[in-house]
Amino acid sequence: MIIVGLTGGIASGKSTVSRFLGELGAVIVDADKIARDVVEPGTPAHQEIVRTFGTGILLPDHSIDRKGLGDIIFNEPAKKEQLNAIVHPRVFEAMNAKIAKAAAADPGAVIILDVPLLFEAGSKRDLSEIIVVYSPEAVQLRRLMKRDQIDEKAAMARIRSQMPIEEKRKRATLVIDNTENSDKTKAQARHVFQYLLERAALPSTIPDSLHRVQG
């Protein structure tokens, strides 16, 4: 088996690539989905978030207002750290469980950890490869403004809240360029997946746990 990280910049097309790799046969461990699941009403994380941030961050159905909570922590690093301390350990635990299940089911599995802020959060394990889905900042900006129906200033604020896409590209071991059309992107993804399949067939050491490092 092989464990690979998948990341990118906002509006770079990471989710599209992740979905396609899943269709090809990769096991996708989606950190965003897990993060939503661990804060569902009734969970320990949900209760702790409400105690920390108050009932004002709840929607009528008692689920977390992710946008509202995001607005609170966007410019307040201390509050962001509080939230991360609640959510991250539970996300890592759930990710480890999914990885272990996939490894038990298929020793030759290609397991892809889909983590939007892989570099920013300092979240990593002994990843064999790190795939970055790349689009230049100008393309990110155009797509984000169209997708979220926001102006240039708001879009740039979101883009600049992340590590620059050019820096992520430098840190990648594999790059899928999503600047042009989807056919070209899919062709690159197929090539990457075939490469990962070949590597997954080689003997490897399965890491014991997901680690979080600072920096």
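Author: Helices H3 and H5 are roughly antiparallel to each other, a label given to angles over 145 degrees, whereas angles under 35 count as roughly parallel, 65 to 115 as roughly perpendicular and the rest as oblique. Helices here are DSSP runs of H or I with at least four residues, strands are runs of E with at least two, and both are numbered from the N terminus. This is a predicted model, in which local features need pLDDT of at least 70 and side-chain atom pairs count only at pLDDT 80 or more, while totals for chains, interfaces and linings use all residues. Residues are numbered from 1 along each chain as its sequence is written, and side-chain values use heavy atoms, with hydrogens and water left out.

Two packed helices are described by the angle between their axes and by the distance between those axes. For H3 (residues 44-53) and H5 (residues 77-105), the angle is about 170 degrees and the axes are 10 Å apart. The axes are lines fitted to C-alpha atoms, for helices over the stretch in contact, and the angles run from 0 to 180 degrees between N-to-C directions.

Which residues of H3 and H5 meet? On the H3 side they are Pro 44, Ala 45, Glu 48, Ile 49, Thr 52 and Phe 53, and on the H5 side Lys 79, Gln 82, Leu 83, Ile 86, Val 87 and Arg 90, where contact means heavy atoms within 4.5 Å. Sorted by class, this contact holds 7 nonpolar, 2 polar and 3 charged residues; Ala, Val, Leu, Ile, Met, Phe, Trp, Tyr, Cys and Pro count as nonpolar, Asp, Glu, Lys and Arg as charged, and the others, Gly among them, as polar.

Another residue of H3 deserves a look, namely His 46. With a relative accessible area of 8%, His 46 is buried, since buried means under 20%, exposed means over 50% and partly exposed lies in between, using a 1.4 Å probe and protein chains only. Leaving aside residues up to four places away in sequence, His 46 touches Val 38, Val 39, Glu 40, Pro 41, Leu 58, His 62, Ser 63 and Ile 64.

The phi of His 62 is near 75 degrees, a positive value in a residue other than glycine. Most residues other than glycine have a negative phi. Ala 11 also has a positive phi, near 65 degrees; Ala 11 lies in the loop between E1 and H1 and counts as buried at 13% relative accessibility.

Helix H6 (residues 137-148) and helix H7 (residues 152-160) pack at about 120 degrees, with axes 9 Å apart, which makes H6 oblique to H7. This contact involves, among others, Leu 141, Leu 144 and Met 145 of H6 and Ala 155, Met 156 and Ile 159 of H7, and by class the contact has 6 nonpolar, 1 polar and 5 charged residues. To return to the pair we began with, H3 and H5 are roughly antiparallel to each other, while H6 is oblique to H7.
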